[in-house]
Amino acid sequence: MLTTGYLLEAFRQEGITHVFLVPGGLIDPFLPALAATPGLTPVVAAHEGGAACMADGYARAGGRFGVCFAIGGPGVTNMVTAVAAARTDFSPIIVISGQVPTNWEGRGGFQDSSPAALNDVAILQPLTISSLMVENVHLVNHHLRASLTKMLAGAKGPVHISVPTDIQQTEVQAPWVTLDETLYNPRFVDRHGVERLWRLLAPADGSPAPVRILALAGAGVEKSGATRDLVAFAERFEIPVATTLRAKGVFPEDHRLSLGIFGYAGHRPAIDTILSGGVEVLLVLGSGLSQRDTLFWDRRMLPSRALVQVDIDLQVIGRTWPVEVPVVGDCGRVLQVVMSYDYNLTQALESTNPQRRAWLAHIRDAGPRLYEGENTGSAALPLHPARVIAELRRVMPRDTVLVVDSGAHRAFCGHYWESYESRSYLSATNLGPMGWAIPAGIGAKAARPDKPLVVVTGDGCMLMHGMEIQTAARYGIAAIFLVINNGALGNVWLRAVKEGPGPAALTEIPVHDWAAFARSLGLQAATVQQPEELAPAFQQALEANAPFLLDVRCDRACTTPVTPYNQAKQEWVDSD
Ligand SMILES: Cc1ncc(C[n+]2csc(CCOP(=O)(O)OP(=O)(O)O)c2C)c(N)n1
Ligand SMILES: [Mg+2]
């Protein structure tokens with residue numbers, strides 16, 4: 001089989017249903033193979049950055065990995081930001097790019113971006129786990145296997161393979177052998193670490209067990225598919241659970257033990273409790289404890305007895321703060337080991353369940369979950385984004401996937417939306433590239449066509465990747481695009497307006513008719529201006545079961561629900 005068909009057949013065998021690309025001369029040989037691989041749908045994006053974001057969204061929603069193709073040179077450079085977002089959020093995608101034939105390298109050929117010229121392999125190197133060119137057809141099988149293995153192993157992330165056109169058109173002999181399932185679901189656990197954790201939680205020597213134990217769940221729980229394990233663990237030992245924004249939904253937000261989000265756009269119970277100084281053991285599950293996930297590395301979140309960090313990636317454990325109990329391993333597996341203990345071992349911890357229940361009641365009674373929750377009922381015109389997101393939550397089914405972009409709307413979604421499932425809240429939280437959610441949402445919907453999906457984006461984000469709604473229309477991918485249209489780069493405007501009208505004007509955007517734009521590209525669309533129009537418009541978009549854009553006219557002057565984060569930012573001093 002030619003290299004082109006070989007690669008596609010390997011992806012199909014790995015369970016991939018869609019690949020995303022922008023065609024061009026350097027990948028021309030792939031076109032016949034793409035048209036002839038049953039079970040694999042090629043989706044042609046408007047821009048290579050869009051194609052790579054689609055692969056990222058596909059990976060995050062589907063739980064396997066994403067695949068995208070581009071020509072070398074401008075196709076690869078167009079992908080740089082999207083690949084960086086996958087890298088910083090540890091999302092497994094593979095970029096296959098075309099390259100000039102090996103005997104043209106460095107001779108001044110059109111679009112030569114081989115290592116002898118522009119070197120797009122090197123351009124992607126710092127943004128990927130592995131970036132290489134296949135220069136010998138005998139290495140196609142090996143490099144593909146090695147790259148996919150690196151992409152999936154450990155913390156996961158993007159990889160890149162550049163394939164010259166002469167190699168694309170050469171026969172590969174070795175058969176593709178499907179990757180072992182363990183790569184997708186690593187189940188390893190450090191038993192010694194779990195024992196240390198257990199001695200801490202349920203001392204066997206008669207010393208008192210800690211009462212105030214709190215779990216902070218990060219993206220590692222999502223990657224591990226450990227929601228069920230976490231719910232079972234929390235319920236058995238009455239342990240309250242907060243999540244990071246990135247991991248929103250890995251613990252159902254309406255569960256009685258949920259404290260909501262800790263960190264950026266976080267909720268009052270999580271923030272007040274974790275910063276109270278009253279937590280004895282903080283059990284961090286699969287979170288790298290980034291700036292936004294720690295409220296500016298706020299040391300008040302350090303527990304009085306022990307910080308426990310469970311992570312599959314040793315590099316993450318102890319990076320932010322020294323930990324008393326490090327546990328290397330898959331979050332789900334670690335919890336399963338604990339859950340396999342019998343009553344003799346768990347009794348010491350279970351005996352403190354009533355005290356934790358009382359603690360939880362105290363947390364609940366201390367105040368509302370939301371900051372400025374009254375805004376969810378605001379009748380103001382233009383609309384308040386909090387009202388928009390709250391109405392959206394009421395109308396959309398429980399298992400809706402929300403894909404959120406970068407801007408003020410990110411904070412409104414994080415705070416006022418609720419998620420109840422893993423992989424149902426997707427956002428590029430570590431890099432925050434504007435426009436990412438539009439194509440990522442298309443990829444996510446391709447991976448999970450069974451789930452209703454809404455992309456929440458801004459008018460500024462639309463100016464960056466809005467053209468990709470055309471891709472959704474073209475392929476009938478039934479994503480709903482909700483544009484928080486506030487005539488501004490809202491997040492920046494909120495800061496700039498404090499500096500005066502000159503700086504503010506630099507962050508304003510003409511109020512465009514995004515519904516008309518969408519219709520011109522083949523989508524259905526509606527414009528919403530009044531609060532009472534929100535629910536019927538959402539219902540209409542849901543029932544249309546087709547690509548649909550909602551242009552929702554909002555007030556740019558609404559401040560975002562991130563007061564604790566902003567306070568922490570002001571108070572931060574470098575104490576190291
Ligand atoms: C690629 C990129 N450029 C610039 C920024 C800085 N930035 C963050 S949010 C934002 C404004 C987003 O505007 P919009 O999409 O209208 O959302 P809103 O804040 O109004 O909700 C900007 C410019 C960024 N995050 N990414
Ligand atoms: Mg805006």
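Two strands pair if DSSP finds at least two bridges between them. In this predicted model, strand S16 (residues 480-485) and strand S18 (residues 548-553) are joined by 6 bridges, so they count as a pair. The briefing covers their sheet, a metal site and a cavity.

**The sheet**
- Strands S16 and S18 run parallel.
- The open sheet around them has 6 strands, in the order S14-S13-S15-S16-S18-S17.
- Pairing in this sheet is parallel.
- Strand S14 (425-427) and strand S17 (524-528) form the edges, and each pairs on one side only.
- On average, neighbouring strands of the sheet are turned by 20 degrees against each other, direction ignored.

**The magnesium site**
- Three residues coordinate the magnesium ion (ligand 2): Asp459 through OD, Asn486 through OD1 and Ala488 through O.
- Along the sequence, the donor residues follow the spacing D-x26-N-x1-A.
- Asn486 and Ala488 are both buried.

**The cavity**
- The model has 1 cavity of 30 Å³ or more.
- The largest cavity holds about 40 Å³ of space.
- Its lining consists of Thr3, Leu7, Val134, Val140, Leu144, Ile161 and Val163.
- Helix H1 (3-13), helix H7 (140-152) and strand S6 (159-164) each give at least two residues to that lining.
- Which classes of residue make up the lining of the largest cavity? There are 6 nonpolar residues, 1 polar residue and no charged ones.

Key. Residues numbered from 1 in each chain as written. Chains lettered and ligands numbered in written order. Predicted model: local features only at pLDDT ≥ 70, side-chain atom pairs only at ≥ 80, totals over all residues. Heavy atoms only, no water. Donors = N, O, S within 2.8 Å, 3.2 Å for Na, K, Ca; no water. Buried < 20%, exposed > 50% of the residue type's maximum accessible area, 1.4 Å probe, protein only. 1 Å grid on protein atoms, 1.4 Å probe; cavity = no way out; pocket = protein on both sides within 12 Å on 5 of 7 lines; lining within 4 Å. Points joined across faces, edges and corners; volume = space filled by probe spheres on them. Helix = DSSP H or I, 4+ residues; strand = E, 2+ residues; numbered from the N terminus. Nonpolar A, V, L, I, M, F, W, Y, C, P; charged D, E, K, R; others polar. Axes fitted to C-alpha atoms, helices over the stretch in contact; angles between N-to-C directions.
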